[in-house]
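Keep the model open as you read.

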Amino acid sequence: MRKLIIGIGGMTNGGKTTLSKSLPELLHNSLVISQDNFFKDDSMVPADVSGFKQYDTLDALHMDRMMADIGSWQEDPQGFMMSRDPSVKSTASEPSNVCVLIVEGFLIFNHGPLNTLFNKRYFLQIPYEICKERRSSRVYVPPDPPGYFDGYVWPMYLKNRKAMEETVNDIDFEDQHFQLLVFHKYTMKCINQVHHSIH
């Protein structure tokens with residue numbers, strides 16, 4: 001059994017979670033791990049000089065736990081998927097089968113140990129105005145305080161993106177018109193390449 005790890009990064013409210021959750025319906029033997037599930041408790045996240053909680057940093061995340069989950073998937077993809085979803089049918093006896101792990105999150109390419117694991121990297125981006133509008137329509141716990149987007153979220157996005165672009169290569173940057181079926185086409189191409197390397 002071969003393994004393929006795909007990273008779907010991007011800005012807040014850029015569509016990465018929506019896209020990622022749709023993929024298991026198209027990709028056999030696939031599973032999604034979301035970075036948002038590894039945020040630390042609010043009491044552990046410090047505030048900056050403006051009083052804004054610093055959620056948009058790697059220090060606000062339990063990256064050790066996230067890496068542990070990914071490591072467990074790498075050791076036994078089928079077993080890990082079945083532990084998350086008992087309805088998954090084991091295909092471990094099929095030697096040419098490929099298991100796909102989709103890792104999505106806003107800082108997945110900024111964490112060196114995680115970034116080295118990806119076979120393919122996508123970064124979803126949308127214009128400032130659309131991003132701000134989407135952000136304002138969502139309910140967060142804790143809620144965004146007044147001025148949080150312009151005073152913290154957007155500046156941190158630009159900072160984190162700059163750091164990512166300075167250290168990471170081979171990222172496909174896509175806009176809001178990046179359709180699910182287009183992504184599926186590219187992903188199936190990667191899977192076929194893995195199949196080809198088996199024979």
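Cys99 is buried, at a relative accessible area of 0%, and Cys131 is buried too, likewise at 0%; buried means under 20% relative accessible area, exposed over 50%, and partly exposed in between (1.4 Å probe, protein chains only). The disulfide count comes to zero, a disulfide being a pair of cysteine sulfur atoms within 2.5 Å.

Before going further, note that this is a predicted model, in which local features need pLDDT of at least 70 and side-chain atom pairs count only at pLDDT 80 or more, while totals for chains, interfaces and linings use all residues. Residues are numbered from 1 along each chain as its sequence is written, and side-chain values use heavy atoms, with hydrogens and water left out.

How confident is the predictor? On pLDDT, its confidence in each residue from 0 to 100, the protein has a mean of 87, and 82% of its residues reach 70 or more.

Now turn to helix H3 (residues 77-84), where Pro77, Gln78, Phe80 and Met81 are buried. These residues lie on the same side of H3, because they cover an arc of only 165° around the axis, taken from the directions from the helix axis to the C-beta atoms. They pack against strand S1 (2-10), strand S2 (30-34), H2 and strand S3 (98-105).

The largest nonpolar core has 38 residues, of which Met66, Trp73, Leu101, Val103, Phe109 and Leu114 touch the most other members. Such a core is a set of buried Ala, Val, Leu, Ile, Met, Phe, Trp, Tyr and Cys residues joined through side-chain atoms within 4.5 Å. Helix H6 (148-167) is one of the elements that supply at least two residues, and its eight are the largest share. Beyond four places in sequence, Trp73 is in contact (heavy atoms within 4.5 Å) with residues including Phe80, Met81 and Cys99.

Finally, there are 10 aromatic pairs: rings of Phe, Tyr and Trp (its six-membered ring) pair if their centres lie within 6.5 Å, and planes under 30 degrees apart count as stacked, over 60 as edge-to-face and the rest as tilted. Phe109 and Phe118 are edge-to-face, 5.4 Å centre to centre with 80° between the planes.

Definitions and conventions:
pLDDT is the predictor's confidence in each residue, from 0 to 100. Helices (H or I, at least four residues) and strands (E, at least two) are DSSP runs, numbered from the N terminus.
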